[in-house]
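I set down each item as I looked it up.

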Amino acid sequence: SVIILPGDAGGDLNNFNRWRGQIGLPPWDADTLKSQQTAVGSRAGTLQVIDCVGEDSQGGKEKTRLVGAILTRDSRTWFFKMLGTEAAVGSAKPSFLAFLKTLHPPERG
């Protein structure tokens, strides 16, 4: 999913913790977030990315995985999130990261 909100939309820590809660994980503090996030560069700016494996998504059969990225630019925050089974998200992660690297600023006309 891709969502754009005005301003900082609550900040990276709050938003990453909201995503972690969606997959049954406890929140991180600021220091943990810093140690767990990675930066991905694009022409649109640097995205902060997390990768988390949560609780079982199908009653003990497979865990849920979330890879999410946040980019704040031009007084807006862009959210990119991939969510699914651990295996599906793991196999799609390289393509997701490659996609993030292709982002560029919108054309001004």
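I looked up Phe16 and Trp19 and found Phe16 buried, and Trp19 buried too; buried means under 20% relative accessible area, exposed over 50%, and partly exposed in between, with a 1.4 Å probe and protein chains only. I note that this is a predicted model, in which local features need pLDDT of at least 70 and side-chain atom pairs count only at pLDDT 80 or more, while totals for chains, interfaces and linings use all residues. Residues are numbered from 1 along each chain as its sequence is written, and side-chain values use heavy atoms, with hydrogens and water left out.

**Entry: aromatic pairs**

I found four aromatic pairs in the structure. In one of them, Phe16 and Trp19 stand edge-to-face, with 5.7 Å centre to centre and 65° between the planes. For the term I used this rule: rings of Phe, Tyr and Trp (its six-membered ring) pair if their centres lie within 6.5 Å, and planes under 30 degrees apart count as stacked, over 60 as edge-to-face and the rest as tilted. Phe16 and Trp19 are three residues apart in helix α1 (residues 12-22), and therefore about one helical turn separates them. Helices (H or I, at least four residues) and strands (E, at least two) are DSSP runs, numbered from the N terminus.

I then turned to Phe80 and Phe99, whose ring centres are 6.1 Å apart with planes at 65°, so this pair is edge-to-face. Phe80 belongs to strand β5 (residues 76-85) and Phe99 to helix α3 (residues 86-101), so the pair ties together parts 19 residues apart in sequence. I recorded Phe80 as buried, at a relative accessible area of 3%, and Phe99 as partly exposed, at 39%. Ring pairs also link Phe16, Trp19 and Phe79 into a cluster.

**Entry: helix α1 and its end**

I listed the buried residues of α1 as Asn15, Phe16, Asn17, Trp19 and Arg20. Gln22 is in helix α1 and is partly exposed, with a relative accessible area of 45%. Its side chain makes a polar contact of 2.7 Å with the side chain of Lys81. Such a contact is a pair of N or O atoms within 3.5 Å; within protein, one must be able to donate a hydrogen and the other to accept it, and residues adjacent in sequence count only if both atoms are side-chain atoms. Just after α1, I noted a positive phi of about 80° at Gly24.

**Entry: salt bridges**

How many salt bridges does the structure hold? I found three, a salt bridge being a side-chain nitrogen of Lys or Arg within 4 Å of a carboxyl oxygen of Asp or Glu.

Arg65 bridges to Asp51, with the closest N and O atoms 2.6 Å apart. This pair links distant parts of the chain, with Arg65 in strand β4 (residues 63-73) and Asp51 in strand β3 (residues 45-56), 14 residues apart. Arg65 counts as buried at 16% relative accessibility, whereas Asp51 counts as partly exposed at 27%.

Asp51 also meets Lys93 in a salt bridge of 2.8 Å, N to O. Lys93 lies in helix α3 and Asp51 in strand β3, so the pair ties together parts 42 residues apart in sequence. I recorded Lys93 as partly exposed, at 22% relative accessibility.

Another bridge joins the side chains of Asp74 and Arg73 at 3.3 Å, N to O. Asp74 is partly exposed at 40% relative accessibility, and Arg73 is partly exposed at 24%.
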